[in-house]
Amino acid sequence: MCGIIGYIGAKEASQILIDGLEKLEYRGYDSAGVAILNEGKIEVRKFKGRLSVLEENIKEKPVKGSMGIGHTRWATHGEPSDVNSHPHKSNDNKIAVVHNGIIENYMEIKEELQKLGYSFISETDTEVISHLLDHYYNGDILDTVKKVINKIDGAYALGIIHADNPDMLIAVKKDSPLIVGIGEDENFIASDIPAVLKYTRKVYILESGEMAIVKKDSISLMKTDGTPITKDIYDVTWDIEAAEKGGYEHFMLKEIYEQPKAIKDTLLPRVSNNGEVKLDSINLSKEYIKGTKRIYIVACGTAYHAGLLGKDMIEKYAKIPVIVDVASEFRYSEPFIDQNTLVIVVSQSGETADTLAALRLSKEKGARVLAITNVVGSSISRESDDVLYTWAGPEIAVASTKAYTTQIVALALVALEMAKKKNSITDEEINMIIKSLKKLPSRLEEVLSNVESIKDTAERIYSSQSIFYIGRGIDYDVSREGSLKLKEISYIHSEAIAAGELKHGTLALIEEGTPVIALVTQDKLYDKMLSNIKEVKARGAYVVAIAKEGNIEIEKSADRVIFIPKTIDEVSSVLSIVPLQLLSYYVAYKRGCDIDKPKNLAKSVTVE
Ligand code: M6R
């Protein structure tokens, strides 16, 4: 994880670096630092804690200079502390480095360097890079960087400055994301576009094995062996406001409320007025789909939960067996993959390390890979055979919300496309499903306007020690996401249980007053769920049901009911998750949690 930024130009670098780091804080936020070069000397300021600690320090005691690098950290090697914060310097203070990623062979390099007399002050893997740069430096910084790259293994986005080369920043990329922002008489490097958007909309997206020598008025792009390359400039079309809070107290709340628009943007360009799906961007021919024997959906966290719903829809409509796996398990398993296997990887960020590794493994084994991702130009989008973008806009809060609902919509479109090509569904059925999909944004608006009963429920349950979620089928899939959302931002222990499994163990945990959130949105499973609600009620549970409008019967069995508008079962997940997102938000709010930046987590998980 971690976010890196660099600036070279004529302005004071410190404020620009801090502005950029603020936009990258979603990547990590346990410490932050900058290194600024001025009159041949590098000054480093770095502190444990939020960016505001660094910002205060610089306000009190400004640091001058018009080029520098900055970092916001999510600790991997060494606890969050001033010393372990980046940038890391060489012993002679001439080199400073910021790094996102992990240097896997750092221990052996560290031992070699220590034998040569280098002293290490931090526990980080990154510090080996600044000492290696010093060790190999022969007056030619480019040549030195090349030697260092040959020595290190792992994943890295690096920003490097050297006091003897005051006219350049060096950016190097392998696996971890890195872009170069193109300004006028100033240029930037950063882990992500929002960090430079205040200054430019033109960026280069670096690929693994590439680097850039970034000067005030020029940018030279090359492979890490020094071979020059050219690249298209990527013009950013979305606005800076999209990555700001826009009047909401938290990004999470703003992103929950953006879901109607995000779904429209993801759906409408891909369905015609006469109800046909048009997935022009993906190239899955009739022959290919007919020959597809098995599909894997591989992802992590919330994206994995969306994958579970993808399985339900693909199996139901396209009649192709689907296995859903978490990427960290999949990558070390023996998946049944051959040329007739399609692997669908789902990732908001497009940078999740385990999902990327799963993608690469699938390709090695001969599968075709379709990515569903939200980030144009991300590693996953570039390495997949086909990409279907969710047009959710930037998702900043660590807790994923609009990415999840747009991923479900994207998976529904894939399922329909396959079903159509396999003739496993009638035109009438497709039409009916598309109609229901198109109605989701207005139905979502209804759910979002019913916030008072959700706030009341939060008030009732926020001081609980444990909260359980139960459901069957699609409702169980959604329960899992609801439970994850609650635990990650409120720190309340939570589990989602397939309702029929309760009596096989978890029922033992239900006590007087234990909140149980029961999802009851499918007619065919209604009676079964009612029995499960009775089971937990008999043990004293406080039951909050999520049910479809009109189902007044349920009010007799549950302590509280939150209604969602009626829709077909297959897409009800997009509606039923929203009260659960809001419930998590208000519970966390009542508990005074740092909602957008929950402890120990980061938005973009680029380490294994
Ligand atoms: O960027 P990705 O979709 O690949 O991220 C996957 C998970 O890290 C992510 O969904 C995580 O579980 C969220 N914090 C959950 O809200």
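Me: What should I know before I start?
Reply: The model is predicted, so local features need pLDDT of at least 70 and side-chain atom pairs count only at pLDDT 80 or more, while totals for chains, interfaces and linings use all residues. Residues are numbered from 1 along each chain as its sequence is written, and side-chain values use heavy atoms, with hydrogens and water left out.

Me: Which domains does the protein have?
Reply: Domain bounds come from an automatic or database domain assignment. Here the assignment gives domain 1 (3-244), domain 2 (254-438) and domain 3 (446-590).

Me: How many residues of domain 2 are in contact with domain 3?
Reply: Contact means heavy atoms within 4.5 Å. On that rule, 27 residues of domain 2 touch 21 residues of domain 3. The domain centres, taken over C-alpha atoms, are 26 Å apart.

Me: What area do domain 2 and domain 3 bury between them?
Reply: Buried area is the accessible area (1.4 Å probe) that two parts lose on being put together, summed over both. Domain 2 and domain 3 bury about 2000 Å², with 66% of it on carbon and sulfur atoms. In domain 2, Ile-256, Tyr-257 and His-305 lose the most area to domain 3. Together they make up 25% of what that side buries.

Me: Which residues form a salt bridge?
Reply: Look for a side-chain nitrogen of Lys or Arg within 4 Å of a carboxyl oxygen of Asp or Glu. Lys-316 pairs with Glu-570 in this way, and their closest N and O atoms are 2.7 Å apart. The count between domain 2 and domain 3 is one salt bridge.

Me: Which helix gives the most to the side of domain 2 that touches domain 3?
Reply: Helices (H or I, at least four residues) and strands (E, at least two) are DSSP runs, numbered from the N terminus. Several helices each supply at least two residues to that side, among them α9 (301-318) and α13 (402-422). α9 gives the most, with 10 residues.

Me: Which residues are closest to the ligand?
Reply: A residue is near a molecule or strand if one of its heavy atoms lies within 4 Å of it. Here 14 residues surround the ligand, and the closest are Ser-347, Gln-348, Ser-349, Thr-352 and Glu-488. A polar side-chain atom of Thr-352 is 2.4 Å from an oxygen atom of the ligand.

Me: Where is the cis peptide bond?
Reply: The cis bond joins His-86 and Pro-87, with omega about 0°. Pro-87 sits in the loop between β4 (67-73) and β5 (88-89).

Note on methods. A polar contact is a pair of N or O atoms within 3.5 Å; within protein, one must be able to donate a hydrogen and the other to accept it, and residues adjacent in sequence count only if both atoms are side-chain atoms.
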